[in-house]
Amino acid sequence: MKAVWKILVVDDEEVMCESLAAWLREDGYDVDTASSGRRAVESARAADYAIYFIDLKMPGGMDGIETMMEIRKLHPEAPVIIITAYATVDTAITAMKEGAQEYIVKPCNPEEISLVVARIIKVKNLQLENTILRKRLTGQYDFHDIITKNPRMLAILQLVQDVAGLRSTVLVRGESGTGKELIARAVHYSGDRADKPFVPVSCAALAETLLESELFGYEKGAFTGAATRTRGKFELADGGTIFLDEIGDISPKLQADLLRVLQERRFYRLGGSEEVKVDVRVIAATNKDLVEEVSQGRFRDDLYYRLNVIEIRIPPIRERREDLPLLARHLVQRLSPELNKDIQDISEGAMKVLLEYEWPGNVRELENAIERAIVTCRGQVLSEDDFGFLTRTMQERKAWSVPANMTLQDLERQAVQAALQRTGGNVKEAASSLGIDRSTMYEKIKKYDIQR
């Protein structure tokens, strides 16, 4: 959302006041005017302006300096530019001493005005970006800012608060996109390790050998290309937390290595002979059923019990639909400024589409959908049309849904019938679309007694 900054011009000379306002409007600013100090103060009570241009000499008992001081009582950080036809060293010193940011002499040069305003607005934009980033980080790290009113999620947040100060290992379970890393960060940043490193590792993203060196580091010469000793993620997380995402995907060898680290809090770098001791809290996450993985022999039972000291199960978004409006509006507020769009809300029709959708990708998919809708939106409110891609997806899934009592033969019959309908009864084209030859297609037509 690109901010449209408001400016107030205060001058008792109507021609000067309107000329300056016109110059500023040409530069794209929203400009109000006031013909006296008292009216300027009234305007300042009603709105917070980005910049105030105030004439130094004004009749009516309140000059420019007094006007500036009254406005600063309402808005202490307000940038004020004093303009005057009576320039002296004393008036300049007085104006700057009382808090004026700039001092401009009449007749005003439009180019000078534009440069001064652009410089102040640049600082304002940086402050706005800073505020947005600060809010984003707070929302990412502080459990108070996890958006929910679902009873199960509220219980999870209470558990996060309860375990944040412990060193116990936490296992976060949930489908892809439910926010497992967000919960892990909430545990870390709500406890006494908050000022120490939080080191995330995606266990599914790397091959076994790469993941081993990534976790434990390596000595110089340990393998081709190991030019220097390199610390691994466990060392980098010393004193803090290591987050092992998709822990269910690690190899049997790494499972054994990780078990030793959890038991003894020490390990060897690749190619090293010296033990490295660390004080690290481990938070692991998975979208797999580790109990099933253990029963199938794909995951060590002793490692599972070490990891599963405190378990947090995050429900999928379809099981907490009451959170959808909250999450959607929160994402609009967060993403709109980042995408330089001025989106204010989501329409009732659009919200109905969001509530009807199943969200197999959970909050991550919701975020992507909101971002896509914001990018293509022409107005200030996201409409049902902006989420047309979700409606089409639902229709496609419904068309391909299989009833519980349908047999494989029923499916085959439907596929043959649909192919013939699409091709207007052309057997050759229908067979080609199904990936079979024409003779096989004739056999299917005969078998199912399909009328062309």
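Colleague: At roughly what angle do the axes of helix H2 (residues 37–46) and helix H3 (residues 64–74) cross?
Modeller: This is a predicted model. Two packed helices are described by the angle between their axes and the distance between the axes. For H2 and H3 the axes come within 9 Å, and they cross at roughly 15°.

Colleague: Are H2 and H3 roughly parallel or roughly antiparallel to each other?
Modeller: The crossing angle of H2 and H3 is roughly 15°. Angles under 35 degrees count as roughly parallel. H2 and H3 are therefore roughly parallel.

Colleague: Which residues of H3 does H2 meet?
Modeller: On the H2 side, the residues are Gly 37, Ala 40, Val 41, Ala 44 and Arg 45. The residues of this contact divide into five nonpolar, two polar and two charged.

Colleague: Which strands are the edge strands of the open sheet of five strands?
Modeller: The sheet has parallel pairing, and its order is E2-E1-E3-E4-E5. An edge strand pairs on one side only. The edge strands are E2 (30–34) and E5 (102–105).

Colleague: Which residue in E3 stands opposite Val 10?
Modeller: Strand E1 (residues 6–10) and strand E3 (residues 51–55) run parallel and are joined by four bridges. Opposite Val 10 stands Ile 54.

Colleague: Which strands does H2 touch when it packs on the sheet?
Modeller: The direction of H2 makes about 165° with that of E1. The strands touched by H2 are E1, E2 and E3.

Colleague: Across which strands does helix H1 (residues 14–26) lie?
Modeller: H1 runs at about 170° to E2. The strands it lies across are E1, E2, E3 and E4 (80–84).

Colleague: Is helix H13 (residues 324–338) oblique or parallel to helix H14 (residues 348–356)?
Modeller: The axes of H13 and H14 are 10 Å apart, and the helices pack at an angle of about 120°. That angle makes H13 oblique to H14.

Colleague: Which residues of H14 make the contact with H13?
Modeller: From H13, the contact uses Leu 324, Pro 325, Ala 328 and Arg 329. By class, the contact has six nonpolar, no polar and one charged residues. From H14 come Met 351, Leu 354 and Leu 355.

Colleague: Over which residues is the pLDDT below 50?
Modeller: The mean pLDDT of the protein chain is 86, and 91% of its residues reach 70 or more. Where pLDDT is low, the predicted coordinates should not be read in detail. The stretch with pLDDT below 50 is residues 137–142.

Note on methods
Residues are numbered from 1 along each chain as its sequence is written. This is a predicted model: local features need pLDDT of at least 70, side-chain atom pairs count only at pLDDT 80 or more; totals for chains, interfaces and linings use all residues. Side-chain values use heavy atoms; hydrogens and water are left out. Axes are lines fitted to C-alpha atoms, for helices over the stretch in contact, and angles run from 0 to 180 degrees between N-to-C directions. Helices (H or I, at least four residues) and strands (E, at least two) are DSSP runs, numbered from the N terminus. Angles under 35 degrees count as roughly parallel, over 145 as roughly antiparallel, 65 to 115 as roughly perpendicular and the rest as oblique. Contact means heavy atoms within 4.5 Å. Ala, Val, Leu, Ile, Met, Phe, Trp, Tyr, Cys and Pro count as nonpolar, Asp, Glu, Lys and Arg as charged, and the others, Gly among them, as polar. Two strands pair if DSSP finds at least two bridges between them. pLDDT is the predictor's confidence in each residue, from 0 to 100.
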